[in-house]
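The points may be read beside the sequence and the three-dimensional view.

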Amino acid sequence: MARRAPRWLRRGLLRVRNALLPAVSLWRRSIQARVVITTMVISALVIGGVGWLMLQGVADGMVEARRNVALSEARAGFSAAQQTLDVSAISDASAETDVLRTLVTDLASRSGSPPSYQVLLEGPLDGTGNADAAVVSSSGIASQSIPDDLARSVAAGDGVAYTFSRMQVDGSDEESAAILVGDVLRMPDGTQSYALYYAFPMADQARTLALVRNSLLYAGLALVLLSSGVAWLVTRQVVTPVRLARRIAERLADGRLEERMVVRGEDDIARLSFSFNRMAESLQRQIRQLEELSRLQHRFVSDVSHELRTPVATVRMAADLLYDNREHYDPASQRSAELLQAELDRFESLLADLLEISRFDAGAARLEVDAVDLVELVEGVCVHYGPLAERHGVELSVVNRDGPAVVEADVRRIERIVRNLVANAIHYSGSDRVELIVAHGPTSAAIAVRDYGVGLEPGQSQLVFNRFWRADPARERSRGGTGLGLAIALEDAVLHGGWLQAWGEPGLGAQFRLTLPKQAGDDPQRSPLPLVPTTSGPDTRRRTGGVR
């Protein structure tokens, strides 16, 4: 098992995440911020790259110029020093030391004020001779400043050699960049030789390079800020109208159809504003037309439904009288009385559904919330439809997985949903088994009506909730149903803040799932039952461990 990260590391990562969240949110929400930040980053990279190349070019030029000057002066000094030694009269070791010291002093005095170089003499190279002349420096240059590879090249007598190194002064820990140039000086008798080194400090070049670097840095920062400011101004001119259009679109979505954008000028933004206003006017006109048509339709349905109730009541009394006395009629009249009674029942059911739909359309539907145990409710529905199921050869069963499932709901509407689903499964599924599955979770509860019959064709799981929709248009409407049952059931589910969904496959049956929040007005978040069953055989109850 992988080990968890230390607590301090998790705490640090959490702090970093919390610190980055505002920046990430700003990046995701603001086009202007993305444009400005992108411009700033790209400008910084380009300006930084160009500045680095310029700085490298300046540094290489300054170093090359300093190297050429150093080699020229060093060669002249080596030649003058060798000529001085050649004409010197050296009688003993003491005289040799004096001559060498005088030579170093004379060479150093030619460097000017302040000195442009320092001189260092080491030797003799063969390790013999006067020890007092082993190291002679014009200003206390430490012999450790001479790199080993330069010392070897000079001792080999290959001519003038140079290198770039750090120069250290005796008694100080400070080092400075310098060009070291060395060559061999030979005594007049040819018995001994000394290594003469010129040290050319590069402090002036370092200061100049630092000045150039700082100038490029400040100029680069100014250019980055300037480009970011230009990007901010440019994007602001574009983003501000877009933000205004977004706010007006949100107001239009909230129903404030009179909102319009202000048109200024004749540029692209102005034409966009003009087109947006034309679109809003067209939408407002069409929405008002649709609202007017909807009001007329709702009023027509409501008025017709109410106006039909009185004649239907009269027809009902006459039909009941005929139906109750049908034994006294001939067979044809008896059959007519029975058909009249059945069709009148269906007509009243359709009229009741139309009235209910009109209430939903008018927004007049209200809930009478009470505590409801869904397990008891589905068991009562099974008892009610037991005789009907037996006549159709259908076995009804309840699968209770989690015990009592109590929710705050309108018991009449929930029972109507379940009755409609069960009646549809008995009449139209063609299944010999229908299961009512009940489950609940932390925030929601669900009822699923599962059958193993003909199922649904692809795309029909959404169409089944349309008003007056039928899977088979040629099916006899006398078999029952008004075509409004599932539409009303869906409205009832939405009124509770829940969902009513359908699944089905040809030959595998269908499942309708009702999901409700446990507390009225809450969000169910997720359903405790899957919409697509995990098993498709008739032994689902056994495999899921359900209880009859």
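The numbered points that follow begin with the chain as a whole and then turn to particular helices, spaces and residues.

1. Overall make-up. The structure is a predicted model. Its protein chain contains 13 helices and 12 strands. Of the 548 residues in the protein chain, 37% are buried.

2. Contacts and surface. Among the contacts in the protein chain with a separation of 6 or more, 67% are between residues 24 or more positions apart.

3. Helix α5 runs over residues 203-253. After α5 comes Gly255, which has a positive phi, near 100°.

4. Buried residues of α5. The buried residues of this helix include Gln205, Ala210, Gly220 and Val224. Further along α5, Thr235, Val239, Pro241 and Ala245 are also among the buried residues. Ser228 belongs to the buried set as well.

5. Ser228. Ser228 counts as buried because its relative accessibility is 5%, and the cut-off for buried is under 20%. When neighbours within four places in sequence are left aside, Ser228 is in contact with Val36 and Met40.

6. The second largest pocket. This pocket holds about 260 Å³ of space. It is lined by 16 residues, of which Ile47, Gly48, Gly51, Leu216 and Gly220 are the closest to its centre. Helices α2 (31-86) and α5 are the elements that give two or more residues to the lining. Gly220, named here among the residues closest to the centre, is also one of the buried residues of α5.

7. The cavity. How many cavities of 30 Å³ or more are counted? The count comes to one. The largest cavity has about 30 Å³ of space. Its lining is formed by Gln118, Leu120, Ile141, Ser145, Ile146, Leu180, Tyr197, Tyr198 and Ala199. Strands β1 (118-122) and β5 (193-201) are the elements that give two or more residues to this lining. The largest share, three residues, comes from β5.

8. Glu457. This residue is located in the loop between β10 (444-451) and α11 (460-463). Is Glu457 buried, exposed or partly exposed? Glu457 counts as partly exposed because its relative accessibility is 44%, and that class lies between the cut-offs of 20% and 50%. Although Glu457 and Gly504 are 47 residues apart in sequence, their C-alpha atoms are 7.1 Å apart in space.

9. Helix α12. This helix covers residues 485-495. Its buried residues are Gly485, Leu486, Ala487, Ile488, Ala489, Asp492 and Ala493. Just after α12, Gly497 adopts a positive phi of about 80°.

Methods. Residues numbered from 1 in each chain as written. Predicted model: local features only at pLDDT ≥ 70, side-chain atom pairs only at ≥ 80, totals over all residues. Heavy atoms only, no water. Buried < 20%, exposed > 50% of the residue type's maximum accessible area, 1.4 Å probe, protein only. Helix = DSSP H or I, 4+ residues; strand = E, 2+ residues; numbered from the N terminus. Contact = heavy atoms within 4.5 Å. 1 Å grid on protein atoms, 1.4 Å probe; cavity = no way out; pocket = protein on both sides within 12 Å on 5 of 7 lines; lining within 4 Å. Points joined across faces, edges and corners; volume = space filled by probe spheres on them.
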